[in-house]
Amino acid sequence: MKKMISKILLKNTNSRVTIDKGELVSFQIENQEYIHQKGNKGWPNSDDEMFPIIGPTSKNNFKVHTKNGDAIQDQHGFLRELDYTLISTDENSANFIKKYKKDALVKNRKFSKKSTEEYLFWPFDFTFEKKFTLKNDVLKIEFIIDSEKGMPFMLGYHPAFLLSDSGKETLVSKDKKITLDAIYKAGSNAFPVLNSDKIRLQHIDKKDLEISTKGFDNFMLWTEVNNMLCIEPITQYTSYTDQNFSEKNMRLSKEKNNFSITIKTV
């Protein structure tokens, strides 16, 4: 394992990617920025992961039922409470990992202002890899989850994209057009785009962005402001559930599980 370097730059002729401790904080193509900048209004991050749960768990007293017993998980899981370690990097790629030992207690940053649970845990070992590759102005982000076969999980990737602050951007998926107004109205549930592996963000001030995925099969869209939009690949849209999470509404691990998202201009 390599010691964590704060910021890593990937680059080729026309594009640059900046990664800060495993977080995608910048993706520039032809000097145009496409990622929401931390510190601007809307959301305090640029990207994040949701694992092993997507959505809130408060109505079920933060419990998730598994074959190895009940776990305690807060909204969107606890992976974001763990730190990435850098495995490798070069001019065009960077690979990070998080490791977790089953039943280890993890401090919950939401306690006590937003949660009653001071510590979170999961009754399975797992490793979670995040790999960035920049090639020909196309950014590919891969997620590799390695765990016991049959471990239940959900996975969501939560990147935020920079908008013009005009409120005029639109999205297209399977020839269906989605406005920012529709996303606002969905509120905290987020706007679902189900059974889709590709979506296009139509900018008004620069080239459009195409986001395609493998393994997720769904998106959800969220924002409360005009200057940024979260376009989130997800394995499940959980706003249709009652928060009683169990193997019945989660995926089961194949031991090694691969997911990816590709981002490019069109």
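User: What makes strand 1 and strand 2 (residues 15-20) a pair?
Analyst: Two strands pair if DSSP finds at least two bridges between them. Strand 1 and strand 2 have five bridges, in the antiparallel sense, so they meet that cut-off. One of the contacts sets lysine 11 against arginine 16 in strand 2. Strands here are DSSP runs (E, at least two residues; helices are H or I, at least four), numbered from the N terminus.

User: What are the numbering and the model based on?
Analyst: Residues count from 1 along each chain as its sequence is written. The model is predicted: local features need pLDDT of at least 70, side-chain atom pairs count only at pLDDT 80 or more, totals for chains, interfaces and linings use all residues, and side-chain values use heavy atoms, without hydrogens and water.

User: What is the order of the nine-strand sheet?
Analyst: The order is 8-9-12-13-25-21-20-17-18, open and antiparallel. Strand 8 (85-89) and strand 18 (176-179) are the edges, because each has a single partner strand.

User: How do you know that strand 25 pairs with strand 13 and with strand 21?
Analyst: Strand 13 (residues 138-147) is joined to strand 25 (residues 256-265) by eight antiparallel bridges. Leucine 139 faces isoleucine 263 there. Strand 21 (residues 209-214) has six bridges to strand 25, with leucine 209 opposite threonine 265.
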